Amino acid sequence: MISFCPGPSRVYAEIPRYLQDACSEGIMSIGHRSDAFMRLMEEAQLLVRQRLAVPDDYSVYFLSSATECWEIIAQSLVTHGSLHVYNGAFGKKWFYNTQKITNTARSHSFDRETLVSPGGLSPHQHELVCITQNETSNGTQVSGEILAQIRAQYEDHIIAIDATSSMAGIHLNFRHGDVWFASVQKCFGLPAGLAVMISSPKARAAFMQKGEQQHYNSLLTVDAMMQKNQTTHTPNVLDIYLLMRSLRDRQPIRDAEPKLKQRYEGWIEVLRRTRLHHLVENEAARSHTIIAVKDEPVGIARIKAGAQKAGFGLGEGYGELKSTTFRIANFPAITDSEIEALVQFFLGLQR
Ligand SMILES: *Cc1c(COP(=O)(O)O)cnc(C)c1O
């Protein structure tokens, strides 16, 4: 089965080799206070910085999942409420999760065919602005240009950005936000159980000032441990190792991004030739890493069943879009020949 699911997604082809090395190097049994672990953390962190172009004054943390990042942000960074900007299921879930914890969350939802209008956000003073950069459920994204405008317009606000299904795929300008996060089972092409969080000095100052340390994963504690290349708890050492190994073998995301965009254009051309439709008509709103395809429920059911028989795992439609869409992940770990095979399957569809 070749997986085109948006997460957990196809992992890098080199993973079996890295795992073998992890076994022979004894990685699975090293203590999380050992020198070996601290060296691993240091290199993993350094590689995240280099490959993803993280500014030097930003911090990098390793956590467990994007959902955990939502919770940590609510606990450690919200002081005067949060404004959640979203157009789909993941952004909405972030809003609900935060509301449960803080009771001061507000939502600014927008249509998936329209672009976020920075002027229309009007966050309250000191409100945390929460943006889902790549909405995995419907194949849309908030572009770098719009994030730059939001940053410029709300200079004093702290901006948190969920980039779970785009980080390590598209180049992100981290200066346009303060807290960025992603779990690794999407664009990073790794097994689930690890998340990367990137924080600006401004966000760091804010959680320092708030001083919240009631949780094992309070940012204050996470940050203090990270200074020593350690974690607050026994982390997913194996996944940190796999992250380090896979980033070692990869080029900077900035250099890899054009190929990903080219593949995205290729998929749009295939949809055109097969008379399939992207869920999102507005090209400027479309994600480059998740392609959502819409059709009548019978058509979707037929394509999904056919794909499965042919050995392709397509992503189910998400939530209310379950019966009318399927999703194709455009993640870097998928190989050219796998894409070519799925393209041939689509071109062979009788429509
Ligand atoms: C997958 C996903 C999440 C949840 O990730 P977990 O690792 O399961 O917590 C959150 N946000 C977005 C945008 C996602 O795609």
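The model is a predicted one.

We start with the ligand. The residues around the ligand are Ser-65, Ala-66, Thr-67, Trp-70, Phe-90, Asn-134, Thr-136, Asp-162, Thr-164, Ser-183, Gln-185 and Lys-186. Sorted by class, this shell has seven polar, three nonpolar and two charged residues. Helix 3, residues 66-76, supplies the largest share of the shell, with three residues.

A polar side-chain atom of Lys-186 lies 2.7 Å from an oxygen atom of the ligand. For Gln-185, an N or O atom of the side chain is 2.9 Å from a ligand oxygen atom. With Ala-66 the backbone takes part: one of its polar backbone atoms is 3.2 Å from an oxygen atom of the ligand. On its own the ligand has 380 Å² of accessible area, and the protein covers 86% of this.

We turn now to helix 9, which runs over residues 253-273. At 1.5 Å a residue, its 21 residues should span 30 Å, and this agrees with the 30 Å between its end C-alpha atoms.

Which residues of helix 9 are buried? They are Ile-253, Ala-256, Glu-257, Leu-260, Arg-263, Tyr-264, Trp-267, Val-270 and Leu-271.

Technical notes:
Residues numbered from 1 in each chain as written. Predicted model: local features only at pLDDT ≥ 70, side-chain atom pairs only at ≥ 80, totals over all residues. Heavy atoms only, no water. Near = heavy atom within 4 Å. Polar contact = N/O pair within 3.5 Å; in protein donor to acceptor, adjacent residues only side chain to side chain. Areas by Shrake-Rupley, 256 points an atom, 1.4 Å probe, with all protein chains shown as cover. Helix = DSSP H or I, 4+ residues; strand = E, 2+ residues; numbered from the N terminus. Nonpolar A, V, L, I, M, F, W, Y, C, P; charged D, E, K, R; others polar. Expected span 1.5 Å × (residues − 1). Buried < 20%, exposed > 50% of the residue type's maximum accessible area, 1.4 Å probe, protein only.
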